[in-house]
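Okay, everyone, let's talk about charged pairs today. Have a look at the model while I bring it up.

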Amino acid sequence: MNHLYVLIRQRASDESAPFLIEPGGACYSYGDAFSWAGRYANVLRAAGVKGGDRVAVQVEKSPAMLFLYLACVRAGAIFLPLNTAYTLTELEYFIGDAEPSLIVCDPSKLDGVRGIAKGAAVETLDKAGKGLLFDKAQAGSADFENAERGPDDLAEIMYTSGTTG
């Protein structure tokens, strides 16, 4: 059983209900979110991400980023959001410390991130939700068998800069 994903699904009894409405008017239902999460989870699995692996994500907030979070939950991966203002030097520290198996970054940062990836696969996703990760997800299936995860397994690791005020 995947405890967190099951809990999320139980709270969304009506898959046609709005999951997210963007300021421009685009609306995603819970069904859309779960479908995209399955597609992204398949991409994660194809990239070799296994339960307990970390997926570092340095992308702007977008619906695709939320779908990617759900995909990590479904795949049993640990979501590792990284501030988009971090420089390559700062990213190198976090990547070295967290040892992700996959890094998702903005396409404009692809070459720099590949240079510090330390063996991790690298995919891209921009603010509009487009990139290598999207292209692979769009071409794939929404069907995905959720990874087995327990109630004490990590779903996310968050680094803080200490500027909480």
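This is a predicted model: local features need pLDDT of at least 70, side-chain atom pairs count only at pLDDT 80 or more; totals for chains, interfaces and linings use all residues.

Let's start with Asp 53, which counts as buried at 16% relative accessibility. Buried here means under 20% relative accessible area, exposed means over 50%, and partly exposed is anything in between, with a 1.4 Å probe and protein chains only. Residues are numbered from 1 along each chain as its sequence is written, and side-chain values use heavy atoms, with hydrogens and water left out.

So who does Asp 53 pair with? That's Lys 50, in a salt bridge at 3.6 Å, N to O. By salt bridge I mean a side-chain nitrogen of Lys or Arg within 4 Å of a carboxyl oxygen of Asp or Glu. Lys 50 itself is exposed, at 53% relative accessibility.

Searching the whole structure turns up five salt bridges. Another one of them joins Glu 15 and Arg 9, at 2.2 Å from N to O. Glu 15 is partly exposed at 35% relative accessible area, and Arg 9 is partly exposed too, at 31%.

Then there's Glu 92 with Lys 118, where the closest N and O atoms are 3.8 Å apart. That pair links distant parts of the chain, 26 residues apart: Glu 92 sits in helix H4 (residues 88-98), and Lys 118 in the loop between helix H5 (110-116) and strand E6 (121-124). Helices (H or I, at least four residues) and strands (E, at least two) are DSSP runs, numbered from the N terminus. Glu 92 is partly exposed at 35%, and Lys 118 is exposed at 56%.
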